[in-house]
Amino acid sequence: MIKLIGLDGSIFYVNYFQILCIELIPETKVLLTNGRYYLVKDSIESVQKKIETFLHGCITLEDRDLLAEAGISNLQYEGGVR
């Protein structure tokens with residue numbers, strides 16, 4: 001889920017996997033797969049960064065689990081030791 005700020009200042013969370021597209025009209029419009037859309041204060045670049053951070057977090061968590069199963073610490077992995 002990514003945190004967005006509506007034009008009225010309200011904070012809400014959107015499931016990244018439900019986002020169909022994002023467009024600038026001049027506000028940022030986030031269109032969902034169900035046809036609903038939200039107008040937000042966040043810039044397109046900001047929404048993209050939030051999505052990248054979310055996806056990185058998902059991948060990182062999965063990597064941590066795999067590394068733990070293999071008995072490799074995160075410190076060893078980040079240092080390039082596999």
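In the predicted model, the charged end of K29 sits over the ring of Y37, 4.5 Å from the ring centre (the criterion being NZ of Lys or CZ of Arg within 6 Å of the ring centre and within 35 degrees of the ring normal). Because the model is predicted, local features need pLDDT of at least 70 and side-chain atom pairs count only at pLDDT 80 or more, whereas totals for chains, interfaces and linings use all residues. Residues are numbered from 1 along each chain as its sequence is written, and side-chain values use heavy atoms, with hydrogens and water left out.

K29 belongs to β4, where E23 stands opposite K29. Strands β3 (residues 19-24) and β4 (residues 28-32) run antiparallel and are joined by five bridges, pairing of strands requiring at least two DSSP bridges; with three residues between them, the two form a hairpin. Overall, the protein chain contains two helices and five strands, in the order β-β-β-β-β-α-α from the N terminus (DSSP runs of H or I, at least four residues, for helices and of E, at least two, for strands).

Four aromatic pairs are found in a search of the whole structure. The ring centres of F17 and F54 lie 6.0 Å apart with planes at 70°, so this pair is edge-to-face (centres within 6.5 Å; planes under 30 degrees apart stacked, over 60 edge-to-face, the rest tilted). Since F17 lies in the loop between β2 (11-14) and β3 and F54 in helix α1 (residues 44-70), the pair ties together parts that are 37 residues apart in sequence. Ring pairs link Y16, F17 and F54 into a cluster.
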